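Subject: Handover of a structure

Dear colleague,

Please find the structure below, together with an account of what was found in it. I would be grateful if you could read the two side by side.

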Amino acid sequence: MTVRVIDKHGVRKLVEKLQQEAKVVAPHRREGRDQWSFQEVTDPDLICLEYTTSCLPPKEFAFPPRETLLRYQREPEFAAEAVIQSEPIILFGVHPCDIYALESLDIAYCADHGDPNWIARRQQMRLVGVDCIPDEWCFCAAMGTATVDSGYDLFLNNLGDGSYLVEVGTEAGEEMLEGIELREASAEEIAHVKKRLTQRVKQERKINDETRNLPLHFSGKAQSEVWEKHAERCYSCGTCVLVCPTCYCFDVVDEVALTLKEGTRERIWDGCMLESFAEVASGENFREERAQRLRHRHFRKYAYLFTKYGRPFCCGCGRCVRQCLVHIDPVAIINDLIAESKGGVSRGA
Amino acid sequence: MKPRVAVFSFTCCEGCSLTILECENELLDVLNLVTFVRWREAMTETSDDIDIAFVDGSISTHDDVRKIKQIREMAKLVIPIGACAYNAGLNSLKNRYGMAQVKEMVYGEDGAQFDTIPARPVSAVVPVDFALPGCPIDKDEFLRTVRDLALGKTPKLPDSPVCAECKRQGNVCVFTKGMKCMGPVARGGCGALCPSFGDYCEACRGFVDNPNENSHKETLAEYGLTAAEVMNYFSLFNSYDKSQI
């Protein structure tokens with residue numbers, strides 16, 4: 001198959017065409033230094049495809065921060081009805097790390113029992129990927145997520161002049177391109193993209209061992225001093241878990257209406273770094289200390305779920321360390337653990 | 001029998017009482033759950049037969065001390081509402097000065113005639129059963145509390161910080177806009193109201209149960225604040241210190 005190129009005009013046409021079919025969300029610039037978020041497209045000119053990372057990952061469109069799971073009435077007799085709100089949606093401009101993360105959540109939300117709300121939204125979701133601009137915090141290469149070969153319908157590789165080399169991932173992706181003017185890519189253009197992707201995989205922020213060995217370095221490290229060291233300035237504010245594209249924990253609360261006649265059951269983003277997360281009804285808290293919570297989060301990402309699902313539950317996007325006010329860094333933590341395994345001193349991240 | 005509710009005000013702007021009055025779309029439902037029997041901002045009737053006393057304002061005169069003790073005797077539940085009643089809020093800023101100096105600063109020579117004592121939260125004078133923080137209180141939190149009490153449930157304050165709520169709101173961190181914020185240590189429950197509307201958090205709901213205050217002092221200093229400015233951020237709503245009483 002020939003490799004094709006879509007130019008700036010074609011990208012605009014593509015977005016306009018997709019807007020006829022579904023709600024389209026794409027990265028937009030926000031107020032603040034280097035801040036972007038996925039927002040519904042109103043004017044294709046406002047889309048910003050060249051961005052480092054979005055504040056919240058695109059998981060919010062399949063797993064919103066707050067959603068109703070159930071509506072119920074208490075009178076005249078109790079009745080309840082499950083609520084699944086979903087609509088056709090196209091995520092336009094998703095980075096490889098975030099595509100990897102969505103696939104990870106597909107695994108987590110379908111492995112033991114299917115989560116109907118997640119599944120309904122993912123079934124109505126189409127995805128156009130775009131290659132990324134790394135910044136000083138991301139470490140996708142260390143997680144093996146600098147490039148992906150599945151999880152998208154279309155993928156756009158930037159050629160630098162507003163045009164993109166187009167990869168088609170699915171039949172739905174091919175349909176998206178119908179009626180859009182494309183041209184054949186030159187050998188130079190293909191080489192240009194290949195070269196950039198090769199460089200991407202050699203990113204600077206590295207862990208000092210192979211990714212597949214990560215769970216080994218967590219083995220026997222529950223009492224390591226690493227946790228106290230890195231938790232010293234931790235706020236337990238929950239930012240790292242709430243902005244994490246592979247975190248999927250939630251709290252469930254019943255909200256009875258003031259009339260006391262009806263109510264809803266809501267699920268809200270929650271996470272293991274928040275102090276009340278491991279508190280049980282008797283008031284006991286299984287992870288009272290910040291260091292215990294930090295340890296748990298990292299064991300989940302690089303040991304428990306890695307072992308369970310055979311892949312790190314971290315996509316290396318770096319949102320956690322970037323948005324952490326004190327920049328608690330998983331790469332530094334992992335390298336400290338690796339150094340401990342090797343009986344040496346860490347060279348840091 | 002519906003619980004009989006009273007609202008009392010001490011040293012404050014009575015904005016928290018007003019917040020209850022402003023629950024215009026919900027007041028009729030609230031009246032199905034409780035009966036208001038005493039509330040100077042809203043009604044002329046009065047009563048000493050009270051189940052739940054909501055109290056806004058700090059205790060800052062000898063007369064306040066006497067009255068809040070009376071209220072404690074009368075009511076089955078005493079629930080401070082708003083920063084002034086919850087942790088003495090802004091009022092406690094005066095506690096770092098001498099009381100004679102405070103009177104002089106505000107009223108000049110005429111100040112001598114007024115009775116004032118260091119401001120304290122309601123809980124420093126009488127035992128309380130629950131408390132709603134905030135300047136002013138969050139309307140929805142008040143309504144949930146009334147509902148929970150009517151259902152016989154124990155109401156609970158959220159313990160996660162404002163940072164967590166900013167993330168759930170999809171807000172951009174105000175530090176990236178050049179502002180300084182108390183969000184990492186401030187008790188949430190307001191839905192990150194101020195950062196959601198372009199401002200920063202001043203921790204009007206007090207701090208979470210275990211704030212990492214030292215870390216935040218360092219962070220604010222790293223973002224360019226002087227030691228005195230850091231203390232101003234910390235003390236605006238949270239300067240009440242028992243040792244000053």
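Helices (H or I, at least four residues) and strands (E, at least two) are DSSP runs, numbered from the N terminus. The model is a predicted one, in which local features need pLDDT of at least 70 and side-chain atom pairs count only at pLDDT 80 or more, while totals for chains, interfaces and linings use all residues. Residues are numbered from 1 along each chain as its sequence is written, chains are lettered from A and ligands numbered from 1 in the order in which they are written, and side-chain values use heavy atoms, with hydrogens and water left out.

Chain B

Read from the N terminus, the elements of chain B follow the order β-α-α-β-β-α-β-α-α-α-α-α-α-α. Its radius of gyration (taken over C-alpha atoms) is 19 Å, close to the 18 Å that the globule rule (2.2 Å times the number of residues to the power 0.38) gives for 245 residues, so chain B is as compact as a globular protein of that length. Along the principal axes, the C-alpha atoms of chain B fill a box of roughly 55 × 50 × 25 Å. Of its 245 residues, 53% are buried (under 20% relative accessible area, with exposed meaning over 50% and partly exposed in between; 1.4 Å probe, protein chains only).

Salt bridges

A salt bridge is a side-chain nitrogen of Lys or Arg within 4 Å of a carboxyl oxygen of Asp or Glu. Over all chains, the count comes to 38.

In chain A, A:E21 and A:R126 form one of these, with their closest N and O atoms 3.1 Å apart. This pair links distant parts of the chain, since A:E21 lies in helix α1 (residues 8-21) and A:R126 in strand β7 (residues 125-130), 105 residues apart. A:E21 is partly exposed at 38% relative accessible area, and A:R126 is partly exposed at 22%.

A:R122 forms a salt bridge with A:D106, at 2.6 Å between the closest N and O atoms. Here A:R122 is buried, with 17% relative accessibility, whereas A:D106 is partly exposed at 22%.

In chain B, the side chains of B:D63 and B:K67 meet in a salt bridge of 3.4 Å, N to O. These two residues are separated by about one helical turn, because they are four residues apart in helix α3 (residues 62-74) of chain B.

Finally, a network of salt bridges links A:R66, A:E255, A:E266, B:R147, B:D148 and B:K153.

Yours sincerely
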